[in-house]
Amino acid sequence: MSDRESGDDQPQSQSIAGQSNNMSSGDARLSRRRGQASNGATGSDSGQQQQSNEQELATKMLQIQSKRFYLDVKQNRRGKFIKVAEIGADGRRSQIFLALSTAADFRDHLGTFSEFYSQLGPPNSDTVPEDGKLKSEMMIKDNRRYYLDLKENARGRFLRVSQTITRGGPRSQVAIPAQGMIEFRDNLTDLLDEFGTDDGGFKGDLPDGRHMRVDNKNFYFDVGQNNRGIYMRISEVTTTVKGNFRTAITVPEKSWSRFRDYFRDYCEKMAECNEKSTTATSVPAESVSPQ
């Protein structure tokens, strides 16, 4: 989605009219549906598609200028998460997925961005940076990164939120008109107050990813976490004339020590084999005494 498509593209009068038609007394609360399976719905705390056993626990809808935003608290076998969906005036849909703890961080950033936005003067094309970015922040959750960019283009100012997955994967993003950041934050706060911000599981910082290159292959070691525990994903990327080919395995944390022992055993055995081979090839021939 380009900046022009993402920006504030409707006059303020339409924004006010749209909000009054969709919210009573400025409150964006709608009826909440609990325990209903969403047939064929998609989404997870990592943004991956799930089966129809996904449940929608609560939903909120906001009308900000010409856009509709849905904040859905969902639950699947991996736990609870929030799906943020944006539907533009032309019907195009985009969405991102937030773990509850990430949603809490996002809420706090919305407050900071709103305060910064309120101190900006009128739009001035002469003072806008070349990339249009007025303020930027980044959030990291396991193998996902979220880029928050308050931007300005010919149609106005807006907050672009991009979600990426480390070592590849699709990029998804939504764009919130700057005038709606406070309203967005308040509705997100309502959901977090009800469902909390605890993702469960391990509370400490996971190790950073590692990378190594061997000949034409790259190996990536990434540590992540889901409701089943901590794991390591080992990816092999091979570069050929036809492109890059990726394969990967996932190793549960409870078996890391066994993997380590196996690798250590093989390293020791190969070291012994190499030593024997070197010794055999370096023995000098027997000297012959002259007669």
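Trainee: Why is the contact of Asp 149 with Lys 133 called a salt bridge?

Mentor: The closest N and O atoms of Asp 149 and Lys 133 are 4.0 Å apart. A salt bridge needs a side-chain nitrogen of Lys or Arg within 4 Å of a carboxyl oxygen of Asp or Glu, so this pair qualifies. Asp 149 lies in strand S7 and Lys 133 in strand S6 (residues 133-141), so the pair ties together parts that are 16 residues apart in sequence.

Trainee: What should I know about the model itself?

Mentor: It is predicted: local features need pLDDT of at least 70, side-chain atom pairs count only at pLDDT 80 or more, and totals for chains, interfaces and linings use all residues. Residues are numbered from 1 along each chain as its sequence is written, and side-chain values use heavy atoms, with hydrogens and water left out.

Trainee: Is Asp 149 buried or exposed, and how do you know?

Mentor: Buried means under 20% relative accessible area, exposed means over 50%, and partly exposed is in between (1.4 Å probe, protein chains only). Asp 149 has 5% relative accessibility, so it counts as buried.

Trainee: What makes S7 a strand?

Mentor: Strands are DSSP runs of E with at least two residues; helices are runs of H or I with at least four; numbering starts at the N terminus.

Trainee: Are Lys 67 and Glu 86 buried or exposed?

Mentor: Lys 67 has 3% relative accessibility, so it counts as buried. Glu 86 has 2%, so it is buried too.

Trainee: What makes the link between Glu 86 and Lys 67 a polar contact as well?

Mentor: A polar contact is a pair of N or O atoms within 3.5 Å; within protein, one must be able to donate a hydrogen and the other to accept it, and residues adjacent in sequence count only if both atoms are side-chain atoms. The side chains of Glu 86 and Lys 67 come to 3.2 Å, so they pass the distance limit. Glu 86 also has a side-chain polar atom 2.8 Å from the backbone nitrogen of Ala 175.

Trainee: Why is S4 called largely enclosed?

Mentor: Seven of its nine residues are buried, so the rest of the structure largely encloses S4.

Trainee: How do you know that S3 and S4 pair?

Mentor: Two strands pair if DSSP finds at least two bridges between them. S3 (residues 67-76) and S4 have nine, in the antiparallel sense, so they pair. A hairpin of two residues joins them. Lys 74 stands opposite Phe 81 in S4.

Trainee: What joins S4 to S5?

Mentor: Six bridges do, and the strands run antiparallel. Ile 82 stands opposite Leu 98 in S5. The hairpin of S4 and S5 has five residues between the strands, where Gly 91 takes a positive phi near 90 degrees.

Trainee: Which phi does Gln 65 have?

Mentor: Its phi is positive, about 55 degrees, although Gln 65 is not a glycine. Gln 65 is found in the loop between S2 (55-64) and S3. Its relative accessible area is 3%, so Gln 65 is buried. Asp 215 also has a positive phi near 55 degrees. With a relative accessible area of 69%, Asp 215 is exposed.
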